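This briefing covers charge, surface, fold and domain layout. The model comes first, and the notes follow by topic.

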Amino acid sequence: MSAEGRHLIDPRVTEKFAFGLLWLVMFIIAIPVVGIIGYMLYRGAGALNWELIVAAQGGLYPAIIGTTYLVLLTTAVAAPIGVGAAIYLSEYARPGPLLRLIRLAIINLAGVPSVVYGLFGLAAFVILFGWNRCLAAGACTLALLVLPLVISASEEALRQIPKGLREGSLALGASKWQTIRRVVLPNAMPGIITGLILSIARAAGETAPILFTAAFYSLSDPFPNSVFDPVVAMPYQLFVMSTEMPDVADANKWATAFVLVALVLGLNVIASIVRTKLRRRRW
Amino acid sequence: MVKRRATRVGEWIIERLIQLSGMLGIILVVLIFLFLLQNSLPIFKERTLGELVFGQRWSPTHGDGQFGMLPLLLGSLYVTVGALVIAVPLALAASVFVAEIAPRRMREFLKPAIELLAAIPSVVFGFLGLLVVGPWIDAHVEIIKVGQFAALGSVMLAFMALPTIVSICEDAFHNVPREIFNSSLALGATRWQTITRALMPAARSGIIAAILLGLGRAIGETMTVLMVTGNAQVIPKGLLGFLKPIRTMTATIAAEMGEAAYGSTHFHTLFTIGLFLFIITFAINTIADVIVRRGEKDIA
Amino acid sequence: MKTTKIGLILLLPALLSATVALVGCPPAPPSNDTGMIEPPDDQSGGATSTISQIGSTTVLPIADAWQQAFTAAHPDIQINVAGGGSGTGIKALTDGTTDIANASRAMKDEEIEQAQEKGVEPVEHVIAYDGIAAVVNTGVGVDSLSVEQLSDIFSGEVTNWSEIGGADVEIIVIGRDSASGTYESWKEMVIQMDGEDKERDYTPEALKEQSNEGVRATVAKTEGAVGYVGLGYIDESVKVIAISPLGGGEAVVPTVESVKTGDYPISRELYMYTAGEPTGAVATYFEWGMGDEGQKLVEEASFVPVK
């Protein structure tokens, strides 16, 4: 921009114009998002009824149960490893090339496409371990996917505990591990739990990782009897209903989409409430 | 004494376990790479890398199988670039808005709202694109022949990548020292001038990293593109290619793995696509990380 | 107090995952012993034998109808039916984790070799035929086509309906996923004209839908569209094309009847595979399915009975 050009228009006018434009952009983003999500809630809530939920065949109930199994098992696998890794990063690791490498690895894990996790799960759990398409294989695959989320949330929670608290405990003669277990972890628990809830929400909505590792479509026997049975899961159900199965009433699809979104968003809201509560605490 | 020793042994074990889980990130990245590689290697006994990457025809069950990935690579490129062209300006505007312009109360509402948008599962975006957005565009836009095309995937992906880009950009704005902002205002610059000439340059590395991470997310997205882009394995040509059906790498894996015979050439080729995806996203994320780190050093 | 609680929170998942890891080490046992009928359990009087079948989603409607009717007649036998794709089903049969693999395509040579390596001798059962109909959008102005013309359309030689006597509308080809059985059958029988031109393939411009239903819905919505679906998926939203056979002849509308008599030329086989000749409960199931009752259900699901 030339010097003259700069003064042709009053900068304050430019500012007004630019800010107006930004407000406009916000509306351009908000209108389709609110419109579509609103439409989905409207169609979904309209389609949802008790019969559709509890119906044994083609109902939502099996998918809800299946997804619950899947996310619980996922958390059971991811939580100890993820929290362990976070403890290592915040309490044990010394700055240096190794730490740098670990962080780079975690960042990259978070960026691996979900369908690639699905391929890994297929190659490792389904084929190499011979588990076949089952709950355990799907849960382990999803656990890897949410691991970076668990690690970073837990590490942040651990780092917020003031140094003084640790030093006090050490000064009283507690060992490092005792300090971590009795002082640091309990205080970081709300933050860790927030991270776990968020990772549950993420795992509940993922389709690609369970596509070849766990999910199946079944009308007759949807409930797994063991962790080595395949499982009916909500996102996969929605995918199959909207692309593969004939004669599925639109109402069923909308209801499934609605319940899935409600579940995922509900978990996120719970997580943010836990986090807000945590923020109120002052050290 | 005995008890004390037992405790110590217990602690030693626990600390080793913690150390192990700390290393797990590295171990996992290496394992994922090795598994993909191991399952891809058999294909290279039959085809050369050049035949795979530059082959123009993807038709796995035709003859001995044609595994040219060029249509898929270009398909991913089209959808992703399209998504970024839409998402980046919108996301930049939104992040400036949230960080500097929105009234306090509105900001408190917008930030969680954007996080919630990020949480919506991709299969739901695909569902909405397939059932609502695609047919609507097909009915109202003359030039669109089928309600499943590349640009529709780009639009859906743009909205999915938006929250990622916005929140990282916003963090970057936050990390810019307030003194820069205040001294610019004190020199008589308007807030807009300050935002464009002081704040954005200072947050440059964060913005670039945000775009790269959005790029990584868009390339790897699977279910949405599988459901809305029509999956025709054509080599897209020119700008018109955006309005035609297209097929991405991720959608190919998701659509064909269930039917492919285990251990067949087709099966291994799908793993090769996965390997390429892994390498591409790995490069993008590593570059983003390097840029962020350099930016942090600059500010410090 | 608080510490024990936290200990528990951390310990429980750890235990769970350890169990998963330990139990998971050996390959999962087959879901049941193929065809073994165990002595009935007097106490519950419930199912005593379980048949599991997994595979193609195309076969799913038949398998599901059979399962419902068969278990009503044989309360001592329980059947679990699952979709997941032909490849998945065949892999499960090879690994011994299912009794029956449903497939919409024949097993490939490499799959048979893999099964034999693991000591499984797959036995093929053709359980139904699936007539494949060409369907078009209602606005194309064409009612009947020859196989040669369809071949030209699907291979991209002809790109406008006016070239073959229809309206001046661009042709949009809708196909199935390249891994699906319907995709291959249509290619062999129509595009390659029963093997006459082995070089011909789909035009790359063809859209790929994941299902019959997806093809039907897209053809119905899209001007100038042509696709192919199984007979069961035809409805009034699309127009069914009468097809005249290779080398000329009268055009025939696809119906269950015309496929059964062989007048309509395009149909394919649907399969169930077992490991070795079926015995016990599985044998009972097949006997029933291939009998009158089972084959009547095939017809009700808009597939074509074998007999």
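In this predicted model, chain A carries 22 positive and 14 negative side chains. The centres of these two sets of charges are 14 Å apart.

**Surface and burial**
- Of the 283 residues in chain A, 59% are buried.

**Secondary structure and overall dimensions**
- Chain A contains 12 helices and zero strands.
- The pattern along the sequence of chain A is accordingly written α-α-α-α-α-α-α-α-α-α-α-α.
- Chain A is more spread out than a compact globule, because its radius of gyration is 24 Å, well over the 19 Å that the globule rule gives for 283 residues.
- The C-alpha trace of chain A spans about 70 × 65 × 35 Å along its principal axes.

**Contacts within chain A**
- Among the contacts in chain A with a separation of 6 or more, 77% are between residues 24 or more positions apart.
- Contact here means heavy atoms within 4.5 Å.

**Domains of chain C**
- Chain C is divided into two parts: domain 1 takes in 49-129 + 269-300, and domain 2 takes in 130-267.
- Between the C-alpha centres of domain 1 of chain C and domain 2 of chain C the distance is 29 Å.
- Eight residues from domain 1 of chain C and eight residues from domain 2 of chain C take part in the contact.

Conventions:
Residues are numbered from 1 along each chain as its sequence is written. Chains are lettered from A and ligands numbered from 1 in the order in which they are written. This is a predicted model: local features need pLDDT of at least 70, side-chain atom pairs count only at pLDDT 80 or more; totals for chains, interfaces and linings use all residues. Side-chain values use heavy atoms; hydrogens and water are left out. Helices (H or I, at least four residues) and strands (E, at least two) are DSSP runs, numbered from the N terminus. The radius of gyration is taken over C-alpha atoms; the globule rule is 2.2 Å times the number of residues to the power 0.38. Buried means under 20% relative accessible area, exposed over 50%, partly exposed in between (1.4 Å probe, protein chains only). Lys and Arg count as positive and Asp and Glu as negative; His and the chain ends are not counted. The place of a charge is taken as NZ of Lys, CZ of Arg, CG of Asp or CD of Glu. Domain bounds come from an automatic or database domain assignment.
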